[in-house]
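Colleague: I would like to go through the packing of this model with you. Could we begin with the interior and then turn to the rings?

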Amino acid sequence: MSVLPETAAVRWRPRLDDGRLRRRERGWTLSTAVHTVPWLLAAATLIALEPLSFPVAAVLVVHAYAIPSLYANRGALVVRPRDRSGTGPEAMALGLLGDLVGHEARDLHARTGLVLERGALGVWLVGEAGALLVRPGGRRADCWCVKVDADLPSADRTAHLLLALREDEAGFATVANLAFSGAVRRVGRRLPARMRPAVDAARAAALARMSNAAA
Amino acid sequence: MARLVRMDRTGHSTLAEWAPGDAEAVEAAAAAFREQLDAGYYAVVSTGEGHAEQVRELPADAELVILRRPIAGG
């Protein structure tokens, strides 16, 4: 297996593997709890001490909801479509991307703008400025922000990320920045409606994989 | 016919084409290949669905060699 050459630019990052990713995911869960629970406790305490403080308690509850929502929104942003270049280059780039993937993935990309790719860490949805990894079981998603520093059509950007992912999945996740980790549904509902079928397909593939592994 | 393709703002550009038995065409493709690597591109060969391999020498027997720019965390 080849090692992604871009990992040399992030030497300080340990190469990601399933165990390290799980630890990072637990860190995200803990961080979400730290951002949420104190506000909820404060709201409950206020109500217990003085029911008339309900308006202040409501603000605290909204705050507890808003912070994790902002993080989830940041996660969804990594796969949201960007501005398109001219239609000619885009069509050319789509042709090349189509050559790289199978019929099913090509069809999903045409409908949602995302390419589904099965990997060792889970099922990936590759977009033009990042990728969403649905972990085995289909409940958790990790959103990775990764870019190509070049003026390229959208499909070429996706092809860049797809090829890098195929070269070295762990290296790809090492180079990319983790923008969010949490429940798939939290990311899914912040995506444009036309992209949600890709999340459903990835969840189904991640669930099927878990079932196959258990059988 | 094998192709050396660079992903760029036009969608992609075909930089060289060769048949494995055509030594002259392979040499021209290898020269174009080295030039692009020197310019900072990485060369990738798709090795079936879900797999790709980075190459540092032109694989004359590959059907399609793709040149891509480096990626970085966003």
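Colleague: How many residues has the largest nonpolar core, and which have the most contacts inside it?

Modeller: This is a predicted model. Its largest nonpolar core has 65 residues, and those with the most contacts inside it are A:W124, A:L125, A:L132, A:W144, A:F172 and B:I71.

Colleague: Which helix gives the largest share of this core?

Modeller: Helix α5 of chain A, residues 154-167, contributes the largest share, with 7 residues. There is also a second, separate core of 18 residues, which includes B:A25, B:V26, B:F33 and B:Y41.

Colleague: On to the rings. How many aromatic pairs are there over all chains?

Modeller: The count comes to 4. One of them joins A:W28 and A:Y71 edge-to-face, at 5.7 Å centre to centre with 90° between the planes.

Colleague: Which parts does that pair tie together?

Modeller: A:W28 lies in helix α1 (residues 18-49) and A:Y71 in helix α2 (residues 54-77), both of chain A, so the pair links parts that are 43 residues apart in sequence.

Colleague: Is A:W28 buried or exposed?

Modeller: A:W28 is buried, at 15% relative accessible area, whereas A:Y71 is partly exposed at 30%.

Colleague: What about A:W28 and A:F180?

Modeller: Their ring centres are 5.9 Å apart and the planes lie at 75°, so this pair is edge-to-face. A:F180 belongs to strand β5 of chain A (residues 177-183), so the pair ties together parts that are 152 residues apart in sequence. A:F180 is buried, as is A:W28. A:W28, A:Y71 and A:F180 form one aromatic cluster.

Colleague: And in chain B, what lies over the face of B:Y41?

Modeller: B:R69 does, at 4.7 Å from the ring centre.

Key: Residues are numbered from 1 along each chain as its sequence is written. Chains are lettered from A and ligands numbered from 1 in the order in which they are written. This is a predicted model: local features need pLDDT of at least 70, side-chain atom pairs count only at pLDDT 80 or more; totals for chains, interfaces and linings use all residues. Side-chain values use heavy atoms; hydrogens and water are left out. A nonpolar core is a set of buried Ala, Val, Leu, Ile, Met, Phe, Trp, Tyr and Cys residues joined through side-chain atoms within 4.5 Å. Buried means under 20% relative accessible area, exposed over 50%, partly exposed in between (1.4 Å probe, protein chains only). Helices (H or I, at least four residues) and strands (E, at least two) are DSSP runs, numbered from the N terminus. Rings of Phe, Tyr and Trp (its six-membered ring) pair if their centres lie within 6.5 Å; planes under 30 degrees apart count as stacked, over 60 as edge-to-face and the rest as tilted. A charge sits over a ring if NZ of Lys or CZ of Arg is within 6 Å of the ring centre and within 35 degrees of the ring normal.
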